[in-house]
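Trainee: Could we go through this structure by question and answer, with the cut-offs stated as we go?

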Amino acid sequence: MVHLTVHLVREVELCGPVYFRWMYPFERYMKICKGYVRNRNRPEGCIAECYIAEEAVEFLAEMFVDDKTVGIPAGPRTVDKPTSGATIVSVYGKVFDQAHLCVLQNTDEFRSYFDEHLEYLKKEFPKYKKNEKWLTDKQNKTFADWLKERVAVQLSKPDANIPEIVRWLSDKPSNEVPTFSGYRIAGVQYNTKKRDDVRSMQNSGVYLLAKTSQVATARDKRPIIDDMSFYGVITEIWELDYEKFRIPIFKCDWVENSRGVKVDEFGFTLVNLNKKGHLNDTFVLGNCVQQIFFVQDPVDPMWSVVLRMPTRDYSDFEVEDELGDTVIAHHPITTMMPSIELHGNLANEEEVGYMREGEEDIIVDG
């Protein structure tokens, strides 16, 4: 086994990533075929009959797509729920306002209210109407209180048509916040960093791609709105209670983008988890992030390699696959293929031909 590792690097360079040529999907399917056997004297016949029956059921299910088929669920039934006991904490002040603002900013029904509040600030403070950075900071501080009064005025009118989610979320949640060390969202398990430290599995890394204002310097008054990637670790899991709605939200330690994120020559993204940033915006909704994993860099232990994994589920793509077979999607870690280098004396050897020498050519008429 020690000698085997000597050839692994060369094998990856010549053949590419392992998952392009591994046998695990076929081995798993052999286990399914094994389960078809009911009569050990005729195993081939059992496998053939069960396979034909399964193909027939799948064909009929796709043929009668408008009818409700018994036994086949319409879609994935995933319920967001905590996976640990709750600890009730009382939260007030700036941290509580940040969590509530994060919920409002990520709810589409409040987009028009944000635009209306921005126009209100420009009229109220004409001196700063061209200073976008000041307007953004001012809006983050005053929007929640302004929204509560604005929705109250609208509800006082008899012909008010306010969505239910706006009615309940415009009021602030309860200050008694249940916190958890584990939460399952869309079938994905998330844990806090404290819980991961005592376990062998890692479920606290998160990745977020969001539009944010970017400035060149601290004095820049005209920020640019663009997509930015954020990498962080979950430190706390809250469940905000709006009476009719309970929203899970993560408090994270985000990595500073300028000094804590880099891309090496092989295309791998590395982060320094000790470089913390975005201290005024630490919350994110649980359904807005993607789970990632951090692997310590063996060259420099201060840095960790980011691994983005696909969803742990099988997906059936009816459009791309005419046969309706299950397609396992596996995204590569990096889109760059390693360059193939020749080792040993291969570079000095003569080019190998594909025709025998000393033989006459034979021409065959088509």
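**Burial, sheet and cysteines**

Mentor: Of the protein's 366 residues, 27% count as buried, where buried means under 20% relative accessible area, exposed over 50%, and partly exposed in between (1.4 Å probe, protein chains only). This is a predicted model, in which local features need pLDDT of at least 70, side-chain atom pairs count only at pLDDT 80 or more, and totals for chains, interfaces and linings use all residues. Residues are numbered from 1 along each chain as its sequence is written, and side-chain values use heavy atoms, with hydrogens and water left out.

Trainee: How many helices and strands are there in the protein?

Mentor: Helices (H or I, at least four residues) and strands (E, at least two) are DSSP runs, numbered from the N terminus. Counted that way, the protein has nine helices and 14 strands.

Trainee: How many disulfides does the structure hold?

Mentor: A disulfide is a pair of cysteine sulfur atoms within 2.5 Å. For Cys46, the nearest cysteine sulfur is that of Cys50, 6.5 Å away, and Cys46 is in no disulfide. Cys50 is in no disulfide either. The number of disulfides in the structure is zero.

Trainee: Is Cys46 buried or exposed?

Mentor: The relative accessibility of Cys46 is 13%. Cys50, with a relative accessible area of 27%, is partly exposed. Cys46 counts as buried.

Trainee: The side chain of Asn131 reaches the backbone nitrogen of which residue?

Mentor: Asn131 lies in the loop between helix H5 (111-124) and helix H6 (132-155). Its relative accessibility is 15%, so Asn131 counts as buried. At 3.2 Å, its side chain reaches the backbone nitrogen of Trp134.

Trainee: Residues 24 or more positions apart account for what percentage of the contacts with a separation of 6 or more?

Mentor: Contact means heavy atoms within 4.5 Å. Among contacts in the protein with a separation of 6 or more, the share from residues 24 or more positions apart is 60%.

Technical notes. A polar contact is a pair of N or O atoms within 3.5 Å; within protein, one must be able to donate a hydrogen and the other to accept it, and residues adjacent in sequence count only if both atoms are side-chain atoms.
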